[in-house]
Amino acid sequence: MNNTEQFVNRHNGPSTQDVQAMLKKINAPSLDALIDQTVPAAIRLKKPLDLPDGMSEHAFLQHLRGVAAKNKLYKSYIGLGYYDTVVPPVIQRNVLENPGWYTAYTPYQAEIAQGRLEALLNFQTMIIDLTGMEIANASLLDEATAAAEAMTMLHGLRSREAAEQGKNSFFVSNECFPQTIELLKTRARPLGIELVIGDFRAVTLNDKLYGALLQYPTADGAVHDYADFVKRAKAHGMTIAVAADILSLVLLTPPGEWGADVVLGSTQRFGVPMGYGGPHAAYFACRDAHKRSMPGRIIGVSVDADGNPALRMALQTREQHIRREKATSNICTAQALLAIMASMYAVYHGAKGLRGIAGHVHQSAVALAGELKKLGYTLAGGVFFDTLKLMHTDNVKIHALAEAARINFRYTGDGLSISLDQTTSVDDLNAILAVFAQAAGKTAPTLAAVQISAQTLLAKPRSSAILSHPVFNSYHSETEMMRYIKRLENKDLSLTHSMISLGSCTMKLNAASEMLALTWPAFANLHPFVPLEQAEGYQEVIEGLNSALTEITGFAQMSFQPNSGASGEYAGLLVIQAYHRSRGEEQRNVVLIPASAHGTNPASAAMCGMNIVVVKCDSKGNIDVDDLRAKAEEHKADLSCLMVTYPSTHGVYEESIKDITAIIHANGGQVYMDGANMNAQVGLTSPGNIGADVCHLNLHKTFAIPHGGGGPGAGPIGVAAHLAPFLPSHPLVKVGGAQGIHAVSAAPYGSALILLISYGYIKMMGGKGLTEATRMAILNANYIKESLKDHYPTLYSGANGRCAHEMILNCIPFKRDAGIEVADIAKRLMDFGFHAPTTSFPVVDTLMVEPTESESKAELDRFCEAMIAIRGEIDQVLLGKADKKDNILKHAPHTARAVVADSWMRPYSREQAAFPLPWVRDNKFWPSVARVDNVYGDKNLICSCPPISSYI
Ligand SMILES: Cc1ncc(COP(=O)(O)O)c(C=O)c1O
């Protein structure tokens, strides 16, 4: 086979010659020798990964077409939060299939992220409009977890008095989606919240209830008037959360107008494929008064250093998980790309277009209802939007006929329901009617299109306006839309421009061949609750991924339910709790967490109601083993587990890891490994091998799923055999262990669609290729470490002076001696066309660099050259040659607008500002705004699109 046909050679950046030159630079005799010097012998795998050789890209795509053909694409009218939708091709091609959008990172560096920030602000504006609420965030993981976040947030908002009086129960309407009810059970238990699940019309409200969740329309499609319930609930001091269908809100009076405190739901049906469960963006809106308690990220409007409007993540430091054990939510990665798609759908259709779509869906349902009644079927009474509930149907008969017609309905104990969607055509309605006519032994009626459009709306249309902002009224032709999307894309720096060396984030290649199948209908259009026989292709992918990942992790079984790393942490900890409980050791509830851990670790533990004990790190950044031992022994009777990241967030393979895991086990605890750094393990060592019992994998790091500008993510967990019985279950699809914990996500396999990416990555890399990638990631990191050593010393190194796949660059002296902060370096890097490394995590005033295996030597050299040039600029300040405040770093980044302005008052030239190195000229990336003022934005919080006049 031709060398370049091997995918590994496309995935890994350095060529054979590069590797030799790099080894020479770092003074390592060979790659094998480097790995021996870096990864402690005690933890090395004894044999290579038992995975097949990699397939070529062409062969893989052939294979995947065969797999896709095993999925059976029926028309699904199952509903429950998942509906077929038309992805506008202009959005499919220019956002979903465009690396300019999907390879971007979370917009922490606002100056080079104004495009996606604007798209997310549009999302928030759309949600505020449709729900009738005051503030919205920029997406959560799915509707069911969003409902759980609402329950928790409202719990946290109780007055101290109410909490002391034991106001601790939460009412959940039994007409909510079953997966939502399940999630509430999962989340309520560890926090001691008591759920009261029942009929909202009949429940006796009491003073123990602090809040309620209602579904609008309900799982069976009923559009209830909740006014009376809300009035009664408020009289008892309760707060109200409403899970609402986004499309129905175009026509229905929004919950914000009838008393809701939180409104949440899924935006999937706004042009995001069902994908057998996800990824899709959930939305979450609340009253302005609650904004500081809201989970997830909020985009806000601020100004830049030149006084121009600029967007950024508002209340950034309040991202809940940053509050560690005091956090009430662990959301980190959310669903940015999918929120962007949904917002673009609203931009493209505008209010009029959405009214047309919602009207079509509703009128189709009305027409269908009329014909079904004529056929003799009994419909549940009341107002509906898109879902019809048929009572007391002969489900055995109808199921068989529907199956033959390749149609899925939702069958329940008392009948069945039919949920229509944007794609439902008159032919589809006639096919449905044919099934019911045959079941009733009658002649099928034939509807005509005009009959459907002539139906009057049963649901009383909302009177308030929606989407009146110009952004939703300007881009309705494809040309305008294409240009709008491109205009935003052009403001954002992504992997299409240069390397993004964010430590702990693993911004590696997301290969086109891994992404192609995402829009194949056989994968994109499957409803998550179809019978397994219709999803054999997906089952093959999931099983294939399960067996590859268990081999890679050294574990017995995976669960693909968690939708992010943080969600995996939560699931893993619950599994550990369930294990202890099964052994009669429920009291084991102490979790040891090293000081260096990522904020989501303590946040997840807090959500599990665990007692967090922090373990010290020594001066080399390693876990202080003596402190760990002392604390483990002190808590011998109530130790639940240790949460440990490996290699550590300090970028070293701790030699003592096996001792550490042994200490935990000796004291009756389990070991949870945070798999964020798995890119330094694959094929060389494994979580199972170092003694972990459970770990999550960030497939959106190590296994090639793109970051999508802040999501999607996939955080499956792997467990050792003794924990497998406790893996998460699901109320509608049989998954998980025999004693599985309740579900942790709305869909049984989480974001199943994007599992295809990791599946492709593993299939094409093969066992050897995956291991080679790990080796190359270590080489690239050590090459940067060596290249920068005289300019930015690395804070921590392993026993032989090597770093793992990432390193922490010490910038502490620059701040101390010259007032230059890591933020200044981060902003200055933008002038060179680079995204900053991770700033101030896990050590303040440092930069954490992770180049990944996908970057070539040429790119690493460019990055190092930029960093060295910046060091020269820092030296100017250190030596007193440049002013501490009025210097090129403090004024960075430099916009085209500033550089071409008639006046230039800076103590350095325009050339130095914009083209600091010769090669910058060839590929200049212009930050679209100057340094964004975070403080101003937080003081003047605006989280929806400001009027256009304010931009002029
Ligand atoms: C070490 C570590 N743990 C956990 C997480 C959380 O993962 P996610 O963002 O997928 O929730 C991150 C995210 O960057 C991380 O770096």
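Author: **Helix packing in the model**

In this predicted model, helix H5, which spans residues 89-96, packs against helix H16, residues 478-489, at an angle of about 20°, and the two axes are 10 Å apart. Because angles under 35 degrees count as roughly parallel, H5 is described as roughly parallel to H16. The crossing of this pair is right-handed. On the H5 side the contact is made by Val 90, Asn 94 and Val 95, while H16 contributes Glu 478, Met 481, Met 482, Ile 485 and Lys 486. Sorted by class, the residues of this contact comprise five nonpolar, one polar and two charged.

A second pair is formed by helix H13, residues 395-404, and helix H14, residues 426-440. Their axes come within 9 Å and cross at roughly 140°. H13 and H14 are therefore oblique to each other. The handedness of the H13 and H14 crossing is right-handed. In H13 the residues involved are Lys 397, Ile 398, Leu 401 and Ala 402, and they meet Val 435, Gln 438 and Ala 439 of H14. The contact of H13 with H14 has five nonpolar residues, one polar and one charged.

An unreviewed UniProt entry assigns the feature "domain: Glycine cleavage system P-protein N-terminal" to residues 9-436 and 473-728. For residues 473-728, the end C-alpha atoms lie 44 Å apart, and the span is 34% helix and 13% strand. The feature "domain: Glycine dehydrogenase C-terminal", also from an unreviewed UniProt entry, is placed at residues 773-894. Between the end C-alpha atoms of residues 773-894 the separation is 36 Å, with 45% of the span in helix and 8% in strand.

There remains the ligand site. The ligand is surrounded by 16 residues, and the closest are Cys 332, Thr 333, Gly 565, Ala 566 and Ala 676. By class, the shell around the ligand divides into 11 polar residues, four nonpolar and one charged. The contact of H5 with H16, for its part, holds five nonpolar residues, one polar and two charged.

Key. Residues are numbered from 1 along each chain as its sequence is written. This is a predicted model: local features need pLDDT of at least 70, side-chain atom pairs count only at pLDDT 80 or more; totals for chains, interfaces and linings use all residues. A residue is near a molecule or strand if its C-beta atom, placed from the backbone, lies within 6 Å of it. Ala, Val, Leu, Ile, Met, Phe, Trp, Tyr, Cys and Pro count as nonpolar, Asp, Glu, Lys and Arg as charged, and the others, Gly among them, as polar. Axes are lines fitted to C-alpha atoms, for helices over the stretch in contact, and angles run from 0 to 180 degrees between N-to-C directions. Helices (H or I, at least four residues) and strands (E, at least two) are DSSP runs, numbered from the N terminus. Angles under 35 degrees count as roughly parallel, over 145 as roughly antiparallel, 65 to 115 as roughly perpendicular and the rest as oblique. A crossing is left-handed if the near helix is turned anticlockwise from the far one by less than a right angle, and right-handed if clockwise. Two residues are in contact if their C-beta atoms, placed from the backbone, lie within 7 Å. UniProt positions are given in the numbering used here, feature names are shortened, and annotations may be inferred rather than shown by experiment.
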